[in-house]
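Dear colleague,

Please read them with the coordinates open.

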Amino acid sequence: MALEAIRFSRGGGLAPASLQLLEQRKLPLETEWLDIDGPQSAWTAIRDMTVRGAPAIAIAAALSLAVDLINSGGGSQFQGPAAAAAYVAQQMDFLVTSRPTAVNLSIAAEALKRLAGEEAGRAGATAASVTAAVVAACQAMMAEDVAANKAMGRHGADALLAAAQERGRAGSGRLRVLTHCNTGSLATAAYGTALGVIRALHEQGRLEHAYCCETRPYNQGARLTAYELVHDGLPSTLICDSAAAALMASGRVDAVVVGADRIAANGDTANKIGTYCHAVAARHHGIPFFVAAPTTTLDPQLDTGSLIPIEERSPEEVTHFKGQRVAADIPVWNPSFDVTPAELIEGLITERGLVPRALAASGGFAVRSWLAAAAAANGVGGAAANGGVSGAAAPPARPLATQPGYQALDCGTVVEYVAARPQLAKHVGRPDTKNSWQVREVGDGNLNFVYVVEGPAGSLCVKQAPPFVRVVGESWPLTQDRVRIEAAALEAEAAHCPQHVPALYWFDPRMCIIAMQYLAPPHIIVRKGLIEGRLYPRLASHLASFLAATLFHTSLLALPSDEFRANIGRFTNVEMCRLTEQVVFTDPYYPSEHNRHTSPQLNADVAALRADVAARVAAAKLKAKFTQQHQALIHGDLHTGSIMATEDSTYVIDPEFAYYGPMAFDVGKILANLLLMFFACDGHATDAEPRMQQRRWLLDATKEVWEGFSRRFCELWHQHGARGDAYAAVLFGGGAEQGEEALAQAQRQFMQELWRDAVGFLGAVVIRRLVGIAHVADMDSIPDDDVRAVCERRALRFGRKALVEAAQVGGVEQLLQLAEAVRQDGQQPLFPLPST
């Protein structure tokens with residue numbers, strides 16, 4: 001059961017709203033919950049450290065206001081909306097005085113005050129509407145905090161490992177991490193910040209050992225962090241604060257990660273007293289020191305850490321133990337926090353990625369400009385850039401955040417990069433021959449920069465992920481973690497289907513680079529070859545083998561459930577999946593700014609699509625399946641532009657979208673791309689080459705991909721299914737009663753459902769490639785707008801039928817008949833146009 005420090009219920013009916021805080025002062029020996037009935041009791045609980053941790057303090061304060069507002073009448077207690085807003089402001093100002101150092105509380109207070117004021121100023125506002133808006137925002141803080149912590153954990157896990165390995169540490173891929181104070185589920189809504197990073201490392205199989213410091217004088221580390229580590233079963237050891245430097249000197253620490261209560265505009269960080277000591281010791285021993293905190297902890301109003309107010313606490317925390325004096329009668333200095341200078345900090349980890357370093361040689365971080373970029377991207381300003389509360393400002397933006405040490409390469413610097421690394425240079429030539437090397441940038445992709453480096457010893461391909469969508473630019477930030485996913489996916493795919501996956505030579509997480517086998521001519525991108533009119537006699541068979549091997553062997557059909565679940569976490573690819581969810585299942589069905597189509601020829605067709613409720617519903621259902629169904633490690637972007645081939649060989653490349661998702665998405669996507677070219681053939685046909693043979697081949701290839709995949713997939717199921725947990729051998733094996741009959745029925749139903757979903761995904765993919773942000777060259781390379789529009793209209797009509805009528809397409813033969821029929825009858829309207 002997950003640890004929690006805050007319990008909230010909105011109530012309902014006769015039940016009042018309730019808020020309970022875990023009495024953390026009694027942990028780990030006693031578990032006691034305190035009832036909080038409003039801001040006054042919350043103020044006391046925060047001040048006395050019943051609840052602590054900057055995120056948890058802010059959430060507890062906000063929810064105490066929510067309880068008060070609900071139980072006092074839900075708005076009926078106020079004379080009007082202005083009175084309700086004034087009460088919110090008064091109570092939040094009071095709550096801020098409980099702990100002055102933690103900035104999260106003051107930011108939440110300002111956001112709630114702003115929200116209440118804005119709601120009160122709306123036309124038709126009432127005291128009840130103001131109250132409801134504030135309560136909803138308070139509740140949203142808990143869910144947002146958990147999601148932010150998990151994102152922070154993923155970013156931090158990658159950053160720590162990359163920084164440690166850059167220093168020659170963690171060669172096994174597993175980290176020994178030191179942390180200070182408590183930054184876990186007891187200090188947040190759940191999961192944690194710095195401790196969340198450690199949890200993420202453990203979930204990914206990359207944590208060797210965690211060390212927690214006792215954190216004198218209040219012992220939050222010994223009482224709380226140790227409690228959480230033991231509760232979660234993490235390999236861990238408790239040490240005295242004063243033992244940290246000795247532990248580092250012994251070589252048993254690869255990285256340090258701590259939390260924060262406030263981070264100034266230059267990156268100076270206030271955290272629990274003793275943090276500064278650890279940062280100094282880490283610098284001396286060459287150990288990367290990271291700070292993990294939500295963006296709400298960033299305070300751009302304070303230029304440096306010298307301006308952060310430092311709370312001093314009671315002398316009894318130092319002089320007494322369990323009420324008894326244990327120290328001499330002497331004056332005591334007991335600051336709760338110290339400030340770690342930015343130059344000692346390797347990276348600031350947030351839920352949005354790492355804050356970039358300032359351009360000036362100050363050793364600081366660009367906190368202010370980074371937050372300003374977020375505000376500008378959202379069209380908001382001022383305090384909204386500080387994070388905030390749902391309903392109080394626009395949703396958080398994703399400013400450009402790069403890995404520590406990241407530098408963008410170009411055709412010149414990529415040579416220096418390769419020459420400096422013997423593991424790479426050996427594929428190209430001796431470093432002293434680098435002046436003769438040839439480099440060209442291959443700008444085929446939408447997301448990344450790709451360079452081919454050639455020299456006297458051979459060649460290789462270098463791929464770098466910028467912190468944005470390459471085809472759009474910096475206005476569309478995108479996680480650089482996609483390069484880690486791609487490297488891991490290439491390794492996993494090669495383990496099961498090496499004959500169709502390029503060899504991976506190198507992965508550099510700090511520079512967001514992978515280097516791999518260069519597939520030299522006559523290999524070309526299949527999409528280019530198809531546009532030229534080529535046929536690939538072995539392509540369909542090879543793709544069927546790739547799909548069957550990679551999808552089966554990474555699924556629960558072949559894996560025990562513990563390994564399967566661990567893989568889901570390892571391949572969590574949130575931002576890339578959200579990109580797919582947006583551009584495939586959402587954007588095409590409304591006038592998104594990113595959409596484009598052949599205009600004016602397709603204007604009426606696009607209007608009809610946006611008015612089509614059935615298509616919208618079908619796409620939304622597939623989006624839910626894409627998001628929720630974790631069947632196998634899928635490539636995620638399997639189209640003819642992600643395949644390089646000759647007549648005899650086939651390689652699948654670019655798995656940066658890989659994640660554990662529905663098998664049908666990979667299958668449907670490649671079928672969609674083959675059929676997109678089928679419809680595009682008419683636009684490329686000439687009197688000398690009518691493309692009839694290619695059209696026939698594309699239909700045959702579509703059929704062969706599906707039939708070859710389904711046959712080989714079931715063969716693998718028969719051969720290896722007994723080792724997987726999905727269909728246990730005791731129920732479906734040859735020795736089970738009616739086991740063979742049960743297995744046959746299970747396989748039949750499984751493949752029928754997979755086919756139905758593949759047809760639906762096929763339809764969605766076809767549609768997005770015609771009216772969304774990223775089209776296919778199959779269509780775009782048709783020079784005549786009117787001819788292209790005819791081909792696109794036919795494909796769009798086919799895609800809509802596949803999307804909406806997937807359940808009626810009984811098999812691949814019927815799908816191909818539908819494609820033939822739509823092409824021959826392609827001048828019909830896409831579907832009934834809206835009446836005017």
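Helices (H or I, at least four residues) and strands (E, at least two) are taken here as DSSP runs, numbered from the N terminus. The model is a predicted one, in which local features need pLDDT of at least 70 and side-chain atom pairs count only at pLDDT 80 or more, whereas totals for chains, interfaces and linings use all residues. Residues are numbered from 1 along each chain as its sequence is written, and side-chain values use heavy atoms, with hydrogens and water left out.

Helix 22 spans residues 692-720 and carries both Trp706 and Phe709, which are 3 residues apart, about one turn of the helix. Rings of Phe, Tyr and Trp (for Trp, the six-membered ring) pair if their centres lie within 6.5 Å, and planes under 30 degrees apart count as stacked, over 60 as edge-to-face and the rest as tilted. On these terms the structure contains 21 aromatic pairs. In one of them, Phe78 with Tyr87, the ring centres are 5.3 Å apart and the planes stand at 50 degrees, so this pair is tilted. Trp706 and Phe709 also make a tilted pair, with 5.8 Å from centre to centre and 50 degrees between the planes.

As for accessibility, buried means under 20% relative accessible area, exposed over 50%, and partly exposed in between (1.4 Å probe, protein chains only). Phe78 is buried at 15%, while Tyr87 is partly exposed at 24%; Trp706, at 10%, is buried, and Phe709, at 0%, is buried. Trp706 and Phe709 belong to one aromatic cluster, whose members include Phe552, Phe713, Trp717 and Trp755.

A charge sits over a ring if NZ of Lys or CZ of Arg is within 6 Å of the ring centre and within 35 degrees of the ring normal. The charged end of Arg7 is placed in this way over the ring of Trp33, 3.8 Å from its centre.
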